[in-house]
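Hi,

Here is the structure I promised to pass on. Please open it and keep it on screen while you read the notes below.

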Amino acid sequence: MNNLKQYEAWFITGSQHLYGEETLRQVADHSREIAQALDQGLRIPVKIVFKPIVTTPDEIYHLIQEANTSGSCIGIITWMHTFSPAKMWIRGLQILQKPLLHLHTQYNRDIPWSEIDMDFMNLNQSAHGDREFGFIASRMQIKRKVVVGYWKDEKVSAQINRWARAACGWHDWQGARFVRFGDNMRQVAVTEGDKVEAELRLGYSVNTHGVGDLVNAINEVSDKQIDLLCEEYADNYTLATTLQKGKSQYASLQEAAKIETGLHSFLKEGNYKGFTDTFEDLHGLKQLPGIASQRLMAKGYGFGAEGDWKTAALVRAMKVMATGLPGGNSFMEDYTYHFEPGNEMVLGAHMLEICESIADGKPSCEIHPLGIGGKEDPVRLVFNVATGPALNASIVDMGNHFRLLVNEVEAIKPPHPLPKLPVARVLWKPYPDMQTGCTAWILAGGAHHTCFSQNISSECLEDFATMAGLEFVLIDKKTDLRQLKNELRWNVVCK
Ligand code: MN
């Protein structure tokens, strides 16, 4: 996965000429110091780049124009150290195409009680300077994140970090290509959606290839490549005895390695950031890609099963947002329930395709029959998932807009071994509780496919939704069903 330090957030400070050169010089010094401190802090994954103070409509317009076309700028951070009459910002904000964070901070933390005079007051007036900027942004209905607090405060850099990560995910979507092998699973509703609208609103394209094109790529894989990958499997995983070299099902492991290598080269060749497949369209493939999908996700590709391109794109974006963080992100499906009173939980899994980035310990590499698809037994990685706070995120097409639904959950240790379950799996308890969480999810029309994340916060996804113009619905510890029903109603009205 990419290093996010290749990306920049531009730190732009607004002012005006009224104060004279000396004040503007101090404004610039202070802004540079803040930008550098945020840049050098360990928390924020992108570069924070100080930009010269803007004091006229033309300067603002040209700087925002430059930000729009910069390939490395993922967003802008604005701050009004002094007063910056906001009509100056209209033309610039009208053309702004990058995410905006409005940092409402102040150079000094404390009021210098014994020293304060009118010079100090004129220099340090973001308390009202930022209100002026906030007004014009609201009047123009500019989507943005507002972060309030002293710039050295951990909470402030933590919020900027989440926004910057979301902006990297958004940046990654722009111009991204996703490939679908085959169409949607027949008759399934929630995995469908408007791909034209997605490209218009969300910036990524989804196009199909007949599975035969993939088969061709797989057939070009050499024996040497297959041997190397089989060795890698043996090094990284606990191989089932029958899959070991010279044993009865080694040929199946070789076939899985061939599929993974071919699929990977197809994705690289087409510059794709993710893919979907479907067990209903596997002509010429001997196995449904199992371990291939699992390992390609771990390499950073998005994946959605049964033609689910929206989840594939979401998995990719969340993997970009999570770059460098401990923990992982995976395609997931709510599979089956445990309804024991007081100990309710969800078992999440898929037929095969759970990303090993969320594995707890060394996965085992196994082969088992697959009840559907009519193909040979597929090789897959089997593992449990680390416990702790996590969330499920789902993106659905409501017909006239896309909705991003998030449920915070607690992943728990399986209370018993699952010796006969031949797939990777995770158990979680949804917040605020099983009944409310599942009711809210179903009322909001959330999909059975999700991205399960151990390291992306709901705040980060809320920022992402703001940037992408997605409706954002959160189910967390505070969710109240009556309030949620109203929210869903109001969201439709306000659309
Ligand atoms: Mn599925």
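Start with E306. This residue is buried, because its relative accessible area is 7% and buried means under 20%. Bear in mind that the model is predicted.

**The metal site**

What coordinates the manganese ion? Four residues do: E306 and E333 through OE, and H350 and H449 through NE2. The distances run from 2.1 to 2.2 Å. Along the sequence, the donor residues follow the spacing E-x26-E-x16-H-x98-H. E306 and E333 link distant parts of the chain, 27 residues apart. E306 sits in the loop between strand 10 (302-304) and helix 12 (309-321). E333 belongs to strand 11 (residues 329-338). Is E333 buried or exposed? It counts as buried, because its relative accessibility is 11%.

**Salt bridges**

How many salt bridges does a search of the whole structure find? The total is 18. Here are some of them.

- R91 and D58: their side chains meet at 3.1 Å, N to O. This pair also links distant parts of the chain, with R91 in helix 3 (residues 90-95) and D58 in helix 2 (residues 57-69), 33 residues apart. R91 is partly exposed at 38% relative accessibility. D58 is partly exposed too, with a relative accessible area of 44%.
- D110 and R109: the closest N and O atoms of this salt bridge are 2.8 Å apart. D110 is partly exposed, at 43%. R109 counts as exposed, at 58%.
- D172 and K273: the closest N and O atoms here are 3.1 Å apart. D172 lies in helix 6 (residues 154-173), and K273 lies in the loop between helix 10 (250-269) and strand 9 (274-276), so the pair ties together parts that are 101 residues apart in sequence. D172 counts as buried, because its relative accessibility is 3%.

Take D235 as one of them. D235 is part of helix 9 (residues 223-236). D235 counts as exposed, because its relative accessibility is 60% and exposed means over 50%.

**Where to look**

Go to the manganese ion and find E306, E333, H350 and H449 around it. Then trace D172 to K273.

Best wishes

Key:
Residues numbered from 1 in each chain as written. Predicted model: local features only at pLDDT ≥ 70, side-chain atom pairs only at ≥ 80, totals over all residues. Heavy atoms only, no water. Donors = N, O, S within 2.8 Å, 3.2 Å for Na, K, Ca; no water. Helix = DSSP H or I, 4+ residues; strand = E, 2+ residues; numbered from the N terminus. Buried < 20%, exposed > 50% of the residue type's maximum accessible area, 1.4 Å probe, protein only. Salt bridge = Lys/Arg side-chain N within 4 Å of Asp/Glu carboxyl O.
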